[in-house]
Amino acid sequence: MKNILVTGATGFIGSHTSVELLENGYNVIGIDNLYNSDKDVLSSIEYITGKSVKFYEGDILDYSILKKIFLENNIDCVIHFAAFKAVGESVEKPLDYYYNNVSGTLNILNCMREFNCKKFIYSSSATVYDKDNPIPYLEHYKKSATSPYGYTKVMVEQILSDIYVSDKDFSCVMLRYFNPIGAHKSGLIGENPKGVPNNLMPYICDVAISKREFLNVFGNDYNTVDGTGVRDYVHVVDIARGHLEAMKYVLISKGNIGINLGTGKGTSVLELVECFERVSGKKINIRICGRRDGDIDEFYADTTKAREILGWESRFDIEDMCLDSWNYIKAHI
Ligand code: NAD
Ligand code: UD1
């Protein structure tokens, strides 16, 4: 049985990926400092899979705990989720973001080098694509960023390609997620951000449970189907399956590649709201307001590479995503 180290294991995507790995016969060794997640996620994972994550509560910035994990477990591959992810906050606290996201990743890569572990999967983002690229985004398109958070992703991608240049035995997939939403069908794990949500689906959920009065729609004068922003929403369980396929791939290959994980389809803010209302039976009050700084009108993924290299395609549609997000949130009010 292969031993997979999952950083950020109790977070939104890390928890769903841990479920997928356990259900497919892999051992999961998890680390998280619980900065943005709760320990009870571990019992939900155990309830869903009948298996447990070997969990270390700790910080990836602490080399001694990483070393302890590598000494106590024969790690075959690392899937690295742990990071800060709030774009706006990264503008306020750039040093914290560069330290956690870039130095934290360097710490892990150093420890992997010490223990001769050369298989790595990195949580990158569609945010690495320059906003002037045509859509759909292809993996070789120009990269840039508009926030410190985005730059942490661009920088780590650069570091990973430099490592491969220096060591041809290194094997890495950088998965560029588009907009992950939804939750596990059990309703036991999902996304429940602390504080005011930055992203659309968690905000819609807050309005649905009357935690907030209305959704601010950031602009209705974009050049899109109905004037509101269009994004490629992708179910978190599909994202988790993408990690399983990427992990199988790195275990038998060498190289460093970036791969998009999206559905290849765009959905506008108003289309997502309408779909959520239909599947939940809840009215989502909206208020049209000004554009959000840094937003663009429309982007979605070209998914050819994920299909050709990983044999991966999304399975869930927008209705599944809305229903699963709703089922999770109403069970966690
Ligand atoms: P999340 O916040 O739910 O999970 C991240 C986990 O990492 C949290 O549980 C947090 O406590 C932990 N963590 C953070 N810093 C840590 C540290 N120094 N040491 C140990 N644990 C630490 O976020 P998520 O949505 O699951 O995102 C996972 C990864 O995917 C992140 O790297 C994020 O940048 C990337 N990503 C997310 C999205 C998205 O929309 N969710 C989109 C693109 C990329
Ligand atoms: C955001 C991040 C991006 C990250 C991505 C996936 C920003 C600027 N960008 O992108 O780096 O990779 O999430 O996690 O935060 N919207 C509203 N009202 C809201 C919230 C959002 O109208 O309260 C609109 C936005 O204008 C956008 C769409 O909904 O058109 C999706 O927004 P969001 O969920 O924040 O994702 P992205 O903007 O794609």
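**Ligand surroundings and buried positions in the predicted model**

Ligand 1 is surrounded by 25 residues, of which Asp 32, Asn 36, Ser 37, Asn 100 and Tyr 149 are the closest; a residue is taken as near a molecule or strand if one of its heavy atoms lies within 4 Å of it. The model is predicted, and local features need pLDDT of at least 70, side-chain atom pairs count only at pLDDT 80 or more, and totals for chains, interfaces and linings use all residues. Residues are numbered from 1 along each chain as its sequence is written, chains are lettered from A and ligands numbered from 1 in the order in which they are written, and side-chain values use heavy atoms, with hydrogens and water left out.

Polar contacts are pairs of N or O atoms within 3.5 Å; within protein, one atom must be able to donate a hydrogen and the other to accept it, and residues adjacent in sequence count only if both atoms are side-chain atoms. For ligand 1, an oxygen atom lies 2.7 Å from an N or O atom in the side chain of Tyr 149. Backbone N or O atoms also approach oxygen atoms of this ligand, at 2.9 Å for Phe 12 and at 3.1 Å for Tyr 35. On its own, ligand 1 has 820 Å² of accessible area, and the protein covers 95% of it; accessible areas come from the Shrake-Rupley method with a 1.4 Å probe, and for residues only the protein chains shown count as cover. Two or more residues of the shell are given by each of α1 (12-23), β5 (119-125) and α6 (148-166), where helices (H or I, at least four residues) and strands (E, at least two) are DSSP runs numbered from the N terminus. The most comes from β5, with 3 residues. By class, the shell around ligand 1 holds 11 nonpolar, 10 polar and 4 charged residues; Ala, Val, Leu, Ile, Met, Phe, Trp, Tyr, Cys and Pro count as nonpolar, Asp, Glu, Lys and Arg as charged, and the others, Gly among them, as polar.

Around ligand 2 there are 21 residues, and Leu 200, Asn 216, Arg 231, Arg 292 and Asp 295 come nearest. A polar side-chain atom of Ser 125 is placed 2.9 Å from an oxygen atom of ligand 2, and the side chain of Asn 199 has an N or O atom 3.0 Å from an oxygen atom of the ligand. Leu 200 contributes a backbone N or O atom at 2.8 Å from a ligand 2 oxygen. Of the 740 Å² that ligand 2 exposes when taken alone, the protein buries 87%. The elements giving two or more residues to this shell are α7 (200-208) and β8 (215-218), and β8 supplies the largest share, 4 residues. The shell around ligand 2 is made up of 11 nonpolar, 7 polar and 3 charged residues.

Residues under 20% relative accessible area are called buried, those over 50% exposed and those in between partly exposed (1.4 Å probe, protein chains only). In helix α3 (residues 63-72), the buried residues are Ile 65, Leu 66, Ile 69 and Phe 70. Seen down the axis of α3, these residues fall within an arc of 140°, so they line one face of the helix; the arc is that of the directions from the helix axis to the C-beta atoms. They pack against β1 (3-7), β2 (27-32), β3 (54-57), β4 (77-80) and α5 (94-114), with contact meaning heavy atoms within 4.5 Å. Helix α2 (residues 41-49) has Val 41, Leu 42, Ser 44, Ile 45, Ile 48 and Thr 49 as its buried residues. Viewed down the axis of α2, they lie within an arc of 160° and so line one face of the helix. Their cover includes α1 and β3. Just after α2, Gly 50 adopts a positive phi of about 75°.

Individual buried positions were also examined. Thr 152, in helix α6, counts as buried at 0% relative accessibility. Not counting residues up to four places away in sequence, Thr 152 touches Tyr 97, Tyr 98, Asn 101, Val 102 and Tyr 122. Ala 240 is located in helix α8 (residues 236-251) and counts as buried at 1% relative accessibility. The C-alpha atoms of Ala 240 and Thr 17 are separated by 4.3 Å, although the two are 223 residues apart along the chain. Thr 263 lies in the loop between β11 (255-261) and β12 (267-268) and is buried, with a relative accessible area of 15%. A polar contact of 2.7 Å joins its side chain to that of Asp 232, and the side chain of Thr 263 also reaches the backbone nitrogen of Lys 265 at 3.0 Å.
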